[in-house]
Amino acid sequence: MEMLGKLFGGINRVKVMRLFLLNPELILGAREVSKRSKMAVPAANKELRLLESTGFLLSKKRTTGKVWQLDTQFPLIPPLKSILKNDLLDRKKRLIQQFARAGKINLLIIAGVFLDDDDGRTDLLVVGNHLKRTLIGRAVKDLEAEIGKELNYAVLDTSDFQYRMNACDKFVRDIFDYPHSVILDRLNPPVSLTGLSTGH
């Protein structure tokens with residue numbers, strides 16, 4: 001994210017671009033963009049006006065104020081999507097850091113939006129002991145602001161996860177049946193030795 005911020009003129013711009021690229025149907029005002037991307041309203045306004053001037057965004061005037069939407073005909077959308085989505089994969093170390101204070105994390109799996117898979121039902125699975133769900137929720141909100149998309153995530157105690165694994169639980173099976181990446185695995189035995197795939 002830091003490298004992209006330098007290339008694109010700041011982290012705020014990357015957040016706004018990703019928000020609209022991943023949600024092309026959205027029509028948002030500056031306050032909504034500010035809230036979703038966790039930035040001040042003036043900063044959001046600045047980035048929206050700049051991106052409109054490049055042709056990346058289209059604007060409309062409503063009684064409630066100005067709103068913006070992605071111009072789906074913008075010629076650079078495919079390469080921009082590729083660059084910004086690939087950055088989502090470069091998160092292993094930072095993801096572990098973001099959840100480090102939320103308890104003893106034994107398993108961390110990313111899928112769905114992180115792997116550019118629209119069919120995946122879950123984007124993030126966190127498994128551990130003595131988990132602080134409030135802190136996990138905050139970390140997820142920070143991720144959503146970075147990514148620009150609401151995440152579908154699940155938090156399971158280790159014993160619950162292992163029971164579900166042994167019972168071939170459909171929810172757990174669905175995670176492993178779709179593209180996913182194991183970021184952290186401290187289980188005994190590791191997920192890779194349980195007979196389930198650890199990625200596609």
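This is a predicted model: local features need pLDDT of at least 70, side-chain atom pairs count only at pLDDT 80 or more; totals for chains, interfaces and linings use all residues.

Reader: How is a helix pair to be read, and at what angle do the axes of H3 and H4 cross?

Author: Start with the distance and angle of the axes, then turn to the residues in contact. Helix H3 covers residues 30-37 and helix H4 covers residues 41-54; their axes come within 8 Å and cross at roughly 110°. Angles of 65 to 115 degrees count as roughly perpendicular, and H3 is therefore roughly perpendicular to H4. The crossing in which H3 passes H4 is right-handed.

Reader: Which residues of H3 and H4 make the contact?

Author: From H3 come Ala30, Arg31, Val33 and Ser34, and they meet Val41, Ala44, Asn45 and Leu48 of H4. Sorted by class, this contact of H3 with H4 holds 5 nonpolar, 2 polar and 1 charged residues.

Reader: H4 also packs with H2. At what angle do H2 and H4 pack, and how far apart are their axes?

Author: The angle between H2 and H4 is about 65°, and their axes lie 10 Å apart. The crossing of this pair is right-handed. On the H2 side the contact is formed by Asn12, Arg13, Val16, Met17 and Phe20, and on the H4 side by Ala43, Glu47, Leu48, Leu50 and Leu51. The class count for H2 with H4 is 7 nonpolar, 1 polar and 2 charged residues. Leu48 of H4 is in this contact, and Leu48 is also among the residues that H4 brings to its contact with H3.

Reader: H2 has a contact with H7 as well. How do the axes of H2 and H7 cross?

Author: Helix H2 (residues 11-22) and helix H7 (residues 133-147) have axes that come within 7 Å and cross at roughly 85°. That angle makes H2 roughly perpendicular to H7. Lys15, Arg18, Leu19 and Leu22 of H2 touch Ala145, Glu146 and Ile147 of H7. By class, there are 4 nonpolar residues, no polar ones and 3 charged ones in the contact of H2 with H7.

Reader: Now the open spaces. What is the volume of the largest pocket, and which residues line the pocket?

Author: The largest pocket has a volume of about 290 Å³. Its lining consists of Leu19, Asn23, Lys35, Arg36, Lys38, Lys141, Glu144, Ala145, Gly148, Lys149 and Glu150. H3 and H7 are the elements that give two or more residues to this lining, and H7 gives the most, with 3 residues. The lining divides into 2 nonpolar, 2 polar and 7 charged residues. Leu19 and Ala145 are in this lining, and both also take part in the contact of H2 with H7.

Reader: How many cavities of 30 Å³ or more does a search of the whole structure find?

Author: The search finds 1 cavity of 30 Å³ or more. The largest cavity has a volume of about 50 Å³. Ala111, Gly120, Arg121, Thr122, Phe171, Asp174, Ile175 and Tyr178 form its lining. Helix H9 (residues 170-177) supplies the largest share, 3 residues. By class, the cavity lining has 4 nonpolar, 2 polar and 2 charged residues.

Definitions and conventions. Residues are numbered from 1 along each chain as its sequence is written. Side-chain values use heavy atoms; hydrogens and water are left out. On a 1 Å grid over the protein atoms alone, a cavity is a set of points where a 1.4 Å probe fits but cannot get out, and a pocket is an open set with protein on both sides within 12 Å along at least five of seven lines; lining residues have an atom within 4 Å of a point. Grid points are joined across faces, edges and corners, and a volume is the space filled by probe spheres set on the points. Helices (H or I, at least four residues) and strands (E, at least two) are DSSP runs, numbered from the N terminus. Ala, Val, Leu, Ile, Met, Phe, Trp, Tyr, Cys and Pro count as nonpolar, Asp, Glu, Lys and Arg as charged, and the others, Gly among them, as polar. Axes are lines fitted to C-alpha atoms, for helices over the stretch in contact, and angles run from 0 to 180 degrees between N-to-C directions. Angles under 35 degrees count as roughly parallel, over 145 as roughly antiparallel, 65 to 115 as roughly perpendicular and the rest as oblique. A crossing is left-handed if the near helix is turned anticlockwise from the far one by less than a right angle, and right-handed if clockwise. Contact means heavy atoms within 4.5 Å.
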